[in-house]
Amino acid sequence: MMAHSMASRAASQRSNAFVSKSTPAPFSGRPSLRAGRRRAVAPAAQAANAASAASAEIASRAPKDVRVVVAGPTGYIGKFVTKELIDRGYQVTALAREKAGIKGKMSKEDTQKEFSGARVVFGDVTDVASISGAAFDQPADVVVCCLASRTGGKKDSWDIDYQATKNVLDAARKAGAKHFVLLSAICVQRPLLEFQKAKLKLEAELAAAGDITYSIVRPTAFFKSLAGQVKLVQQGKPYVMFGDGNLAACKPISEADLARFMADCISDPSKHNQLLPIGGPGGALTAKQQAQILFRLTNMPEKYISAPVWLFDGIIGVLDLLAKAFPQMEDAAEFGRIGRYYATESMLVWDEARGAYDADATPEYGVDTLEGFFKKAVTEGLAGQELGDQAVFGVGE
């Protein structure tokens with residue numbers, strides 16, 4: 001969506017340039033059409049240049065002199081991002097819900113204790129006035145937005161991935177913030193799901209704003225999303241995969257490494273006004289390769305159950321039919337589509353020219369490996385890695 005919008009703007013600019021060169025306006029004692037165009041474009045260009053200069057100046061400051069608002073600090077990634085910013089010495093304002101965390105189990109007191117070293121405020125991200133009054137009652141230089149829909153359902157996606165995030169962006173621009181770091185997802189490259197479409201729409205509006213610079217971070221798979229079968233393998237049960245286990249691959253990144261990368265987006269001007277796909281260190285791993293790591297670490301014999309992809313198609317088809325009669329089933333069908341997407345689409349950079357995913361073109365960052373994560377999970381368990389509201393059909397909840 002955003003690439004299409006940028007291509008359309010580029011085509012329009014080429015067309016305007018052709019007209020202005022081939023059909024100059026006759027002198028009439030008034031400014032020419034070309035000059036009028038310059039005056040119309042200049043304010044936007046000036047605003048963009050001013051925003052770039054301001055965000056570069058902020059990047060040059062010591063963290064203690066930079067005021068950062070974090071939206072969504074109690075989410076899975078938001079928690080690590082907020083703590084990373086605090087550890088780096090930024091002046092952090094954490095904007096949270098009064099009942100936060102998985103299924104709203106965190107109280108205000110819990111949240112304040114969680115982010116000792118930050119100014120913790122409480123507001124409603126569905127309300128711009130609430131955001132402005134809570135988080136932007138004091139000046140802010142940078143906003144880091146880690147908001148994400150809890151379920152991936154249609155309404156939740158548009159309410160949070162688009163509208164709530166836009167509310168934060170609107171409040172940030174009104175308050176004069178100069179840089180916006182957005183947590184997106186690498187899978188928006190091929191948008192078939194509602195949450196992907198919602199994220200892309202917000203990405204496009206952020207990139208087009210002009211008066212604020214941006215770093216749009218598109219991470220590949222998180223470690224916790226690949227941890228669902230650790231206990232099963234430890235118990236000697238077979239690893240469930242789709243097809244031959246090689247339908248899709250990813251370069252998984254740890255929450256800590258991703259938090260560090262997002263914090264870098266404040267201090268590194270080369271990451272400003274950029275789309276930033278990012279993966280963890282090491283080569284891309286398929287589901288089969290992930291399973292082999294688990295079997296090796298647990299000293300269990302390799303056993304697999306291969307599920308056909310058409311199984312998803314059948315389930316989705318039935319749920320779509322039911323949703324026509326029972327609208328409340330609409331999200332169940334969407335969850336099926338989410339499952340199918342992750343079973344068949346790689347979380348890597350998509351090469352549009354070749355029509356294929358490109359592992360080599362997917363940037364790597366950090367030090368944490370999936371094997372190291374699995375090793376810790378096998379010996380210490382998976383406390384803190386629950387999917388909670390993001391669980392599909394309750395798996396991993």
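Author: The mean pLDDT of the chain is 87, where pLDDT is the predictor's confidence in each residue, from 0 to 100. A value of 70 or more is reached by 85% of the residues. Over residues 1–38 the pLDDT is below 50. That stretch has 15 contacts in the model beyond near neighbours in sequence; a contact means heavy atoms within 4.5 Å. Over residues 387–397 the pLDDT is also below 50, with 22 contacts beyond near neighbours in sequence.

This is a predicted model, in which local features need pLDDT of at least 70, side-chain atom pairs count only at pLDDT 80 or more, and totals for chains, interfaces and linings use all residues. Residues are numbered from 1 along each chain as its sequence is written, and side-chain values use heavy atoms, with hydrogens and water left out.

Now the whole chain. It holds 13 helices and 13 strands. These are DSSP runs, numbered from the N terminus: helices are H or I with at least four residues, strands are E with at least two. Of the 397 residues, 44% are buried. Buried means under 20% relative accessible area, exposed over 50%, and partly exposed in between (1.4 Å probe, protein chains only). Among contacts with a separation of 6 or more, 76% join residues 24 or more positions apart.

Thr165 sits in helix α6, which covers residues 154–175. Is Thr165 buried or exposed? Thr165 counts as buried, because its relative accessibility is 2%. Which residues does Thr165 contact, leaving aside neighbours within four places in sequence? They are Cys145, Leu147, Ile160, Phe180, Leu182 and Leu202. Take Leu182 from that list. Leu182 lies 17 residues from Thr165 in sequence. In space, the two are 8.9 Å apart, C-alpha to C-alpha.

For contrast, turn to two loop residues. Most residues other than glycine have a negative phi. Asn273 has a positive phi of about 55° and is not a glycine. Asn273 is in the loop between α9 (255–267) and β9 (274–278). Its relative accessible area is 30%, so Asn273 is partly exposed. Asn299 also has a positive phi, near 60°. Asn299 is in the loop between α10 (287–298) and β11 (304–307). With a relative accessible area of 70%, Asn299 is exposed.
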